[in-house]
Amino acid sequence: MRYQINDNWYYTDHYTGSLNSMPKERLEELEQVRIPHTVKELPMHYCNEKDYQMVSGYVRELDIPGDWEGRCVTLTLEGAAHQAEVYCNGTSLGVHGCGYTAFETDLSEHLRYGHRNRIVVRLDSRESLNIPPFGHVVDYMTYGGLYRPVYLEVREKTHFTDIFVMPDDRKHLEVQVQAAGAQDCQIRACVLDGGGEAVARMEEQKFQDHFHMHVPRAKLWDTEHPNLYTLRLELLRYGKVLDEREVRFGFRTIGMKPDGCYLNGSRVQIRGLDRHQSWPYMGYAAPERAQRLDADILRYELGCNGVRTSHYPQSQAFVDRCDEIGLLVFTEIPGWQHIGDDAWKDQAVQNVEEMVLQYRNHPSIFLWGVRINESQDDDSFYARTVEAAHRLDPTRPTGGVRYLRKSSLLEDVYTYNDFVHEGNNRGCIPKAEATPDPEKAYFITEYNGHMFPTKAFDDEGHRREHALRHACVLDAALSHGDIGGTFGWCMFDYNTHRDFGSGDRICYHGVLDMFRNPKPAAAVYASQQEERPVLEVASAMNIGDHPAGRLGEVAVFTNGDKVRLYRNGEPAGEYGPSLRYSHLPHPPVLIRDSMAPESRASAKGWLAKLREKLAGGTKAETQYMGSWGEETASWTFEAVKDGKPMASVTVEPVERIHLEALCDTDTLVDGDTWDMATIRLRAADQNGNTAVYANDVLHFAAEGAVQVEGPDFMALEGGMGGCYVRTTGMEGEGKLHIYRGREEEIVLTFRVQAKQPAVPSIE
Ligand code: GAL
């Protein structure tokens with residue numbers, strides 16, 4: 001039985017050993033916190049890595065029932081950044097030196113059954129630790145805190161210690177089981193489908209640590225149909241069930257060929273982004289709902305089918321959601337360019353083992369990253385990490401991200417950060433230039449990023465170029481045919497160390513901003529999908545915002561077949577996908593102003609126009625999009641699919657703006673942990689277009705069963721922003737009032753449920 005213990009922790013940012021013996025009255029003077037917890041809330045701009053470097057202490061008192069005596073009681077910290085030492089009633093039970101994998105300790109021999117017990121966690125979040133990713137500069141904040149759930153597990157002494165499910169695409173299941181004290185036990189298994197119905201059974205038989213099952217009716221797992229099943233295992237002794245475990249999995253195989261990844265024997269071209277696990281203010285300490293939202297944004301808003309969890313294993317909640325929605329995950333060990341001494345390397349090898357053991361039942365994980373991101377070759381070290389991954393998981397390939405070309409390749413695939421694209425050159429290098437072994441698959445694991453930092457509040461030309469650079473690399477990678485996939489740097493802007501970023505400790509590398517609001521580059525990804533109509537015009541059509549009043553080339557991102565343009569309601573032409581990006585499923589539509597000198601004068605312009613006419617009968621230019629001293633037109637862009645209008649956007653001078661909120665839920669569940677709603681905000685004009693220069697100040701006020709997480713005010717940037725509300729432990733209704741200036745513009749109402757614990761409280 002699992003008992004979540006995420007509430008009622010006492011916290012101090014100065015650990016002392018006396019926490020182990022401190023009288024309860026003194027303990028109560030400490031701050032009381034709920035997990036996920038960050039050791040320090042940070043500002044979004046100009047935060048400082050020094051602020052979270054400390055040795056903090058967390059204390060939890062537990063009344064342990066007398067009848068737990070004789071059982072196995074373990075404590076798991078799912079994410080403790082970065083080095084945790086757990087004490088039970090004053091005895092140290094061990095130290096764990098990875099902030100990104102779970103740490104389990106056995107409390108059984110140290111608990112006082114039928115009494116009050118004290119758990120203390122000494123948590124070191126200093127970057128001077130001799131563990132990955134530390135030792136040199138790191139381009140991301142590493143934060144600190146017990147930032148993922150903490151729980152107890154109470155089991156009979158005889159219990160499962162590990163279950164590894166190895167399904168395939170022939171509907172077979174190979175299961176490896178480890179159990180403590182199971183020599184004279186029996187085992188029973190059944191497979192449940194998504195609806196909870198048993199679709200295969202293995203009747204009770206003598207315990208064995210390895211068996212097979214077959215599920216003839218099983219449906220395969222893939223990116224389009226992420227069918228999931230659950231293996232339920234029971235460990236019995238003479239009819240009495242001693243332990244039960246459930247493991248969710250999908251029937252599928254991963255294979256690699258020279259041209260990429262094969263899922264169930266079919267090639268899948270991966271289009272993904274790199275993701276950090278950070279949020280404004282709270283750093284890593286966001287609950288499950290926000291983790292899952294990121295996966296949904298990648299899949300449904302950005303139309304991706306892959307993600308790289310750069311540069312460390314991320315929360316189980318995030319990967320669970322990837323399993324559910326068919327998002328392929330490349331996960332990797334923590335690290336950034338630096339390789340440390342022998343003790344550091346031992347820890348990195350241990351990190352590989354923990355990553356594989358803790359995540360190997362997720363069907364979405366298709367590749368283990370077993371090198372320190374962008375580090376130098378080190379064959380003896382990497383022979384160990386590759387061996388560890390293969391030993392613990394023979395079913396998945398290994399990779400390891402480098403910026404080196406033709407470096408020593410011990411893994412199964414070559415994964416390379418290709419930053420060759422600078423805006424006016426090729427989008428990527430051919431596979432043959434990067435990898436020493438053309439027989440092995442090849443993936444581009446980063447591009448763009450620092451090559452063109454882009455703020456949501458940069459000017460239109462900059463944001464447009466950012467988007468087209470993403471389109472260019474995606475197009476180039478597809479043009480080669482033997483590049484298995486791409487992961488763009490990166491999903492959203494992130495806080496970083498002083499050595500990187502724009503001076504305010506932010507790397508503006510995202511296709512989304514930190515609140516997960518889209519920049520135009522997001523539409524490049526979104527428009528590659530078929531699931532929903534996408535039409536984004538990357539221009540506000542204001543001539544006065546451009547040099548010499550010329551709009552130049554207007555970029556439109558759509559998954560329609562073409563775009564019809566209307567000027568003041570009158571047809572002004574039809575425009576097809578740009579031939580420059582012809583390898584993309586849906587290239588951008590680029591509309592040039594025929595009056596712009598580059599269109600009028602250049603032979604290249606005429607030639608392009610002719611080519612595009614011949615290709616699709618569509619134009620690439622419109623009359624003129626406005627000139628200085630003229631009344632501004634109203635422009636309507638209509639995306640057409642299969643001959644029918646699919647979506648339209650009207651762009652015209654802004655008359656007035658209003659605030660729009662996109663909130664991920666109106667129901668919050670204060671259950672295993674506190675819960676949080678994500679509210680994305682933007683100033684929109686009368687046509688629903690973002691008013692990018694609305695830097696308005698917003699103010700947030702919460703009432704009832706919710707409170708604001710982070711500051712209760714912010715200024716919009718690029719017309720966009722965000723806010724978070726969290727549960728307080730109360731049930732009932734909560735409201736969030738959002739003010740723009742003095743005016744209340746939006747009120748959001750939340751229903752908060754307090755989930756009853758599955759079993760009576762152990763307090
Ligand atoms: C890479 C690195 C990433 C990020 C990126 C910025 O070198 O792996 O973590 O720093 O550059 O473009």
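**Sheet and ligand site**

A: There is an open sheet of 4 strands in the order β42-β44-β48-β46, with antiparallel pairing. Strands are DSSP runs (E, at least two residues) numbered from the N terminus, and two of them pair if DSSP finds at least two bridges between them. This is a predicted model, in which local features need pLDDT of at least 70, side-chain atom pairs count only at pLDDT 80 or more, and totals for chains, interfaces and linings use all residues. Residues are numbered from 1 along each chain as its sequence is written, and side-chain values use heavy atoms, leaving out hydrogens and water.

Q: Now the ligand: which residues come nearest?
A: Asp139, His311, Trp336, Glu374 and His450 do, out of 13 residues around the ligand; a residue is near if one of its heavy atoms lies within 4 Å.

Q: How far is the side chain of aspartate 139 from an oxygen atom of the ligand?
A: An N or O atom of that aspartate 139 side chain is 2.4 Å from a ligand oxygen. For tryptophan 336, a polar side-chain atom lies 2.7 Å from an oxygen atom of the ligand.

Definitions and conventions. A polar contact is a pair of N or O atoms within 3.5 Å; within protein, one must be able to donate a hydrogen and the other to accept it, and residues adjacent in sequence count only if both atoms are side-chain atoms.
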